[in-house]
Protein chains: 2
Amino acid sequence: MESGIKINVVRNILAANNQIAAETRRDLEARHIVSVNLMSSPGAGKTAILERTLEKLQGRIPCGVIEGDIATTLDAERLIRFQAPIVQINTEPFGGDCHLSASAVRQALADLPLDGIRLLFIENVGNLVCPAEFDIGETAKVVVFSLPEGEDKPLKYPLMFRESKLCLLNKIDLAEVLGINLDRVRQNVRRVNPQIGIIPISARSGEGVDEWLLWLNKLMVS
Amino acid sequence: MESGIKINVVRNILAANNQIAAETRRDLEARHIVSVNLMSSPGAGKTAILERTLEKLQGRIPCGVIEGDIATTLDAERLIRFQAPIVQINTEPFGGDCHLSASAVRQALADLPLDGIRLLFIENVGNLVCPAEFDIGETAKVVVFSLPEGEDKPLKYPLMFRESKLCLLNKIDLAEVLGINLDRVRQNVRRVNPQIGIIPISARSGEGVDEWLLWLNKLMVS
């Protein structure tokens, strides 16, 4: 019975969430803002990739950022040196939510100067499970998969890879020292989502960043 | 209102969970079984540490293992070469739960030959957030924190570090190539939990494994 109640409530929460996400999607589309929901395990490199990205896009494409974290403003502080406006969401006051919800994102949007933004990055809470279950009104979901997590992770956490349009394979500069086979990683990603795009990247060395910017460009004109 | 309902249901679920966990704890204590709830992000090295541990304890201390995963039996397959009995829990049929619940563990216990077990390892779902919220009846929670995740993670995901008795700092063989300062990592861990034990370890090189076995020994006689 416990789980029966739980399933019903989860259904209601998801339905309410999806409704708010649909409103956000409509609003952002009306303003011609393209938005990317960046998801990954803790420490996979979402913020480091954003640093590289904002650096390159500065002066070219007006960006905005929503930073999702359970606690601290450490990530937002790392991005403050760029011109892009940033809003930090901390989920700790709301029970330490393990994901961003559509309503949290909608509240954050009210604090951003949307008229000046064409490309909006939403960095989700570091978690390879729960964020994939919640539509937040984004244009595309992107999963950052960090090589040190091991080749088998797409198979073990399939939903996030199924929901994403693109997989950024980060920390490829460590592939050799880790003894990781990139082809097998690609195969495992494609096994759970044959349509997904895959870009090997290193936020540290900068490798792959241009390809990622091209992908963002295509997303903006599509 | 949505969040009001949600909070009440979450409270009820946690209360039901805690009751089952208390029964498990009583049963395991009566049988003199010590249990460790191993938690971490995906790919932090829980299974690799278990491989090293079971290898060393084989023939010395009778162990059992409960493997928690959303999908696949990949982890259980890695441990099957040891003598320890293993039960795999897949949460995918139950909505892809992002954590082990007390009831899932209780069901798994029924499939283990408890009379022959003194030390029970429960490997939780890879997630640095949700598993910390659920008591599963364990003797001690242990968090595996993998260096490539970055020095700031204890501050950003504090609950798991607060709930744990021990932090295994894994993949220290990568500290140099990652340019990570171990002292700063220790400081960050202790800032959220001054009482926690910290053991640097490398499941790959074997460094720190003996200290971890000593810790387990103390837990068994305490």
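1. Let me start with Cys63(B): this residue is buried, with a relative accessible area of 9%. Buried here stands for under 20% relative accessible area, exposed for over 50%, and partly exposed for what falls in between (1.4 Å probe, protein chains only). Please keep in mind that this is a predicted model, in which local features need pLDDT of at least 70, side-chain atom pairs count only at pLDDT 80 or more, and totals for chains, interfaces and linings use all residues. Side-chain values use heavy atoms, with hydrogens and water left out.

2. Staying with cysteines, Cys98(A) also counts as buried, at 12% relative accessibility. Its sulfur has its closest cysteine sulfur in Cys130(B), 3.5 Å away, which is too far for a bond. A disulfide is taken as a pair of cysteine sulfur atoms within 2.5 Å, and over all chains the structure holds 0 of them.

3. Which residues of helix α4 (residues 102–109) of chain B are buried? They are Ala102(B), Ala104(B), Val105(B), Ala108(B) and Leu109(B). These residues cover an arc of only 160 degrees around the axis, so they sit on the same side of α4(B). The arc is that of the directions from the helix axis to the C-beta atoms. Helices are DSSP runs (H or I, at least four residues), numbered from the N terminus.

4. On to the cavities: there are 2 of 30 Å³ or more. A cavity is a set of points on a 1 Å grid over the protein atoms alone where a 1.4 Å probe fits but cannot get out, and lining residues have an atom within 4 Å of a point. The largest cavity holds about 80 Å³ of space. Of its 16 lining residues, Pro148(A), Glu149(A), Pro42(B), Ser146(B) and Glu149(B) lie nearest the centre.

5. The second largest cavity has a volume of about 30 Å³. Its lining consists of Arg25(A), Leu28(A), Glu29(A), Ile33(A), Ser35(A), Gly137(A) and Thr139(A). Helix α1 (residues 2–30) of chain A gives the largest share of this lining, 3 residues.

Technical notes:
Residues numbered from 1 in each chain as written. Chains lettered and ligands numbered in written order. Helix = DSSP H or I, 4+ residues; strand = E, 2+ residues; numbered from the N terminus. 1 Å grid on protein atoms, 1.4 Å probe; cavity = no way out; pocket = protein on both sides within 12 Å on 5 of 7 lines; lining within 4 Å. Points joined across faces, edges and corners; volume = space filled by probe spheres on them.
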